[in-house]
Amino acid sequence: MNWRDIARAQDGVVSRLQLLGRGVSPAAIGRLSARGLVDRIAHGLYLVGGAPATYRAQLWVVVLATDGVLGYGTAAELWGVSADRADCVHVIVAHARRVTAPARTVVHRVGLPATEVRARDGLPVSTRARTVVDQLGALPRREALRLADRALQRQWITSRDLERWLREFPGRPGNTQLRWLLSSTSDGAAAESERRLHRMLHQAGVRGWQANHPVWVDGELVAVIDVALVAARIAIEVDGMAYHVDVDRFRRDRWRQNDLVSLGWKVLRFTWADLTDRPGYVLARIRRLAA
């Protein structure tokens with residue numbers, strides 16, 4: 001592979017070291033630059049003449065300048081974990097490595113085993129699971145809670161990933177928040193989410209509901225509804241974050257929901273993140289359906 005092929009694979013960006021490694025002498029690099037065939041864009045980095053200065057080219061500049069791996073918010077966008085582009089490019093480098101990072105770059109000096117690195121469209125990126133865990137420890141608590149709920153639901157991570165992280169990386173910044181999130185995915189999370197819903201209904205003045213309402217058909221217990229507005233035949237089901245990672249529970253809940261619908265119940269499902277982040281939405285949906 002010659003240097004042009006390398007640059008093409010890196011969205012037009014090529015480093016001085018890569019040029020030298022392909023037999024291009026320092027004098028020849030100077031001539032390429034003088035003729036406009038490459039443009040110097042950072043220390044030891046060039047963009048092929050005429051190539052667009054895209055966002056991906058910017059990412060390659062950071063990777064080549066630091067010899068690092070894209071992580072945190074940048075990796076979250078590349079994996080589709082976040083729809084928002086980070087204000088700066090986030091890169092992970094080894095603790096002892098001295099780097100000169102380009103402007104608008106956040107350097108994270110944390111341990112990153114090779115097993116937790118993947119190529120994402122050619123770019124070196126922390127794995128999706130590692131990216132999620134890093135973000136959970138770094139984001140504000142409310143945003144971290146929303147991400148944890150989504151990540152567990154989509155099986156990007158499991159509670160075991162959080163346990164392993166805390167065990168293998170004690171003392172890391174963000175671990176306090178990870179411990180709190182881990183407790184939210186324990187077996188008691190569903191009970192706590194139900195208690196939270198009960199408090200919301202009481203405070204909002206919602207009447208006529210029963211907690212843990214049993215539904216019997218021909219002497220057989222079909223379901224126990226988390227919260228039921230019996231007169232309106234509305235079943236409100238609350239999913240703690242642990243619910244998402246239990247496949248058997250997921251299946252049982254779907255079967256139970258189908259049974260309730262066939263009996264004329266209207267079913268509303270809310271997540272832990274709904275209760276903590278969007279209580280107004282939860283109450284509005286309940287009131288609208290009850291009306």
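Start with Tyr 281, which is partly exposed at a relative accessible area of 30%; bear in mind from the outset that this is a predicted model. Which arrangement do the rings of Phe 270 and Tyr 281 adopt? They form an edge-to-face aromatic pair, with 6.1 Å from centre to centre and 90 degrees between the planes. The pair links distant parts of the chain, since Phe 270 belongs to strand 12 (residues 266-271) and Tyr 281 to helix 13 (residues 279-290), 11 residues apart.

Stay with helix 13 and select the whole of it. At 1.5 Å a residue, its 12 residues should span 16 Å, and the C-alpha atoms at its ends are 17 Å apart, which agrees. Within helix 13, colour Val 282, Leu 283 and Ile 286, which are buried. Looking down the axis of helix 13, you will find its buried residues within an arc of 90 degrees, so they line one face of the helix. As background, an α-helix has 3.6 residues a turn, so residues three or four places apart point the same way.

Return to Phe 270 and select Glu 237, which it touches. Is Glu 237 buried or exposed? At 1% relative accessibility, Glu 237 counts as buried, because the cut-off for that class is under 20%. Glu 237 lies in strand 11, and a polar atom of its side chain is 3.0 Å from the backbone nitrogen of Asp 226. Leaving aside residues up to four places away in sequence, the contacts of Glu 237 are Ile 225, Asp 226, Arg 256, Val 267, Leu 268, Arg 269 and Phe 270.

From strand 11, step to Arg 233, which lies in the loop between strand 10 (220-229) and strand 11 (234-239). Although it is not a glycine, Arg 233 has a positive phi of about 55 degrees, and at 35% relative accessibility it counts as partly exposed. Next, for another residue with a positive phi, select Tyr 72, which is not a glycine either and has a value of about 50 degrees. Tyr 72 is found in helix 5 (residues 72-79) and counts as buried, at 7% relative accessibility.

Follow the chain to Cys 88, in the loop between helix 5 and strand 5 (89-93). Cys 88 counts as partly exposed at 24% relative accessibility. The C-alpha atoms of Cys 88 and Arg 104 are separated by 4.9 Å, although the two are 16 residues apart along the chain. When residues up to four places away in sequence are not counted, Cys 88 touches Thr 74, Arg 104, Thr 105 and Val 106.

The last stops concern aromatic rings, two of them with an arginine. Select Arg 85 together with Tyr 55: the charged end of Arg 85 sits over the ring of Tyr 55, 3.6 Å from its centre. Then move to Phe 169, where Arg 130 lies over the face of the ring, at 5.7 Å from the ring centre. The structure holds 2 aromatic pairs, and Trp 165 and Phe 169 form one that is tilted, at 4.5 Å centre to centre and 35 degrees between the planes. Both Trp 165 and Phe 169 are buried.

Key. Residues numbered from 1 in each chain as written. Predicted model: local features only at pLDDT ≥ 70, side-chain atom pairs only at ≥ 80, totals over all residues. Heavy atoms only, no water. Phe/Tyr/Trp six-rings, centres within 6.5 Å; stacked < 30°, edge-to-face > 60°. Buried < 20%, exposed > 50% of the residue type's maximum accessible area, 1.4 Å probe, protein only. Helix = DSSP H or I, 4+ residues; strand = E, 2+ residues; numbered from the N terminus. Lys NZ or Arg CZ within 6 Å of the ring centre and 35° of its normal. Contact = heavy atoms within 4.5 Å. Polar contact = N/O pair within 3.5 Å; in protein donor to acceptor, adjacent residues only side chain to side chain. Expected span 1.5 Å × (residues − 1). Arc of directions from axis to C-beta.
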